[in-house]
Amino acid sequence: MDTDDMVYDFTPDEFDNRKEFKEKRKKEAEYKKMMEDCIGMLNVAFNAKLSSHKNLKKFLIHKASWYPYLIESFEGVWKNKAIYYCIIEYSGDLINRNIYRLGDPRYYAGLITLSNKYPHTIVQPETLAHKVESIFTKNDVDFKHAKRFSRKFHVITKNKPALEMLWHNRDLNKLAGFPLAEIELNGQQCYFRTGQKPITLNDTATFIDLAKTLMEIL
């Protein structure tokens with residue numbers, strides 16, 4: 001039989017009534033609603049609107065993840081300070097199986113323009129590996145006036161004296177409330193994210209708080 005003459009008899013109603021398809025559509029609707037609520041929270045917090053994508057390739061934290069794709073970008077303002085943030089999809093990254101997702105996991109990333117110029121600096125959660133490394137390399141920057149911050153984070157920079165001068169009177173301990181945060185300073189820009197968990201309503205609230213804290217401190 002010629003394949004052009006073949007007729008495929010699909011009955012959508014039969015599929016629609018199957019339990020697994022109903023559950024899938026329900027989760028799709030819940031996920032879509034959750035994402036809309038999350039974006040709404042952010043946009044209200046920063047009086048933001050859609051923006052064109054920015055090139056984030058110079059940030060090592062961004063590049064280190066698997067194939068980052070920018071899905072949506074926004075620009076807003078808080079206390080006269082500009083903020084850019086986007087939703088990123090990382091192919092092949094860790095997946096929270098308890099959260100329904102469309103495609104690969106999606107995360108927030110933010111970008112703040114700074115008044116001061118910073119040496120290239122990376123701030124990440126302190127791990128046992130970092131502590132052991134620091135014994136031998138002494139490359140972790142600690143701040144005596146911000147012990148809580150220094151206990152929580154591993155800080156490496158291209159110019160330690162310059163960073164210490166810029167941060168000597170900053171209340172870095174406020175960042176201890178965001179133990180999973182990843183921050184990268186490069187010139188007059190600060191790239192940040194709350195961690196490596198997919199977007200949720202709770203993570204959205206944390207992202208807003210982290211962004212405002214960074215804008216206050218930096």
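In this predicted model, Glu182 forms a salt bridge with Arg193, their closest N and O atoms being 2.6 Å apart, where a salt bridge is a side-chain nitrogen of Lys or Arg within 4 Å of a carboxyl oxygen of Asp or Glu. Both Glu182 and Arg193 are buried, a term that stands for under 20% relative accessible area, with exposed meaning over 50% and partly exposed lying in between (1.4 Å probe, protein chains only). A search of the whole structure finds 5 salt bridges, including this one between Glu182 and Arg193.

Another of these pairs joins Arg106 to Glu89, with 3.1 Å between the closest N and O atoms. The pair links distant parts of the chain, since Arg106 belongs to strand E4 (residues 106–125) and Glu89 to strand E3 (residues 81–90), 17 residues apart; helices (H or I, at least four residues) and strands (E, at least two) are DSSP runs, numbered from the N terminus. Arg106 is partly exposed, with a relative accessible area of 22%, whereas Glu89 counts as buried at 13% relative accessibility.

Residues are numbered from 1 along each chain as its sequence is written, and side-chain values use heavy atoms, leaving out hydrogens and water. Local features need pLDDT of at least 70 and side-chain atom pairs count only at pLDDT 80 or more, while totals for chains, interfaces and linings use all residues.
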